[in-house]
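Dear colleague,

I am passing on the structure below, together with notes on what I found when going through it. Please look it over first and then read on.

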Amino acid sequence: IKFILMEIDIIELLLEGKHGHEFQDYCERYFDALYGCDFQRVATHGSKGDGGKDGYIPQTKEYFAISARNDVKAKIRLDFINCVTKNYNIEIFNFVTNRISTSDELAIVDKLKTDKPDIKINVITHKHSGQNNADAPAAN
């Protein structure tokens, strides 16, 4: 048990230290492994950006916005609005970050849920990824 807890701590620490594209690259590879070919990455289209999403699963209408920016509250709001404006039939919006640290930063999620109650909004942090990696079965 001690080894597993230490492994989770190490994964969390490594993810917390990732910035920008390093964190996004890790998350995309993690979702590729977790969801297989169901997870589709989204390329950035110049100044138009990625439409508030970095990946999605068409079958479940689930969208992922990945960010390591420090302005978490503003980024969640911006990505959610962009995603809702530029995509149809969104059932789940996942904001993936390694920067969440306070409940104040998560308060924006409650506001967005009030504005769009038909869309489930999740915040996935580096701590979730660390725990999920530790829970995964070992490769043979």
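Setting aside its neighbours within four places in sequence, Ile-121 is in contact (heavy atoms within 4.5 Å) with Phe-80, Phe-93, Val-109, Leu-112 and Lys-113. Please keep in mind that this is a predicted model, in which local features need pLDDT of at least 70 and side-chain atom pairs count only at pLDDT 80 or more, while totals for chains, interfaces and linings use all residues. Residues are numbered from 1 along each chain as its sequence is written, and side-chain values use heavy atoms, with hydrogens and water left out.

Ile-121 is also, with Ile-76 and Phe-93, among the residues with the most contacts inside the largest nonpolar core, which has 16 residues. Such a core is a set of buried Ala, Val, Leu, Ile, Met, Phe, Trp, Tyr and Cys residues joined through side-chain atoms within 4.5 Å, where buried means under 20% relative accessible area, exposed over 50%, and partly exposed in between (1.4 Å probe, protein chains only). At least two residues of this core come from each of β3, α3, β4, α4 (103-115) and β5; these helices (H or I, at least four residues) and strands (E, at least two) are DSSP runs, numbered from the N terminus. Helix α3 gives the most, with 4 residues. Apart from this core lies another, of 12 residues, including Phe-23, Tyr-30, Ile-57 and Val-96.

Strand β3 (residues 62-67) runs parallel to β4 and is joined to it by 6 bridges (two strands pair if DSSP finds at least two bridges between them), and Tyr-63 has Phe-93 as its bridge partner in β4. With strand β5 (residues 120-125), β4 pairs in the parallel sense over 6 bridges, and here Asn-94 stands opposite Asn-122.

As for confidence, the mean pLDDT (the predictor's confidence in each residue, from 0 to 100) is 77 for the chain, and 67% of its residues reach 70 or more. The lowest mean, 48, belongs to helix α5 (residues 126-135), and the highest, 94, to strand β2 (residues 55-57). Over residues 1-8 the pLDDT stays under 50, and over residues 130-140 it is below 50 as well. Where pLDDT is low, the predicted coordinates should not be read in detail.

With best regards
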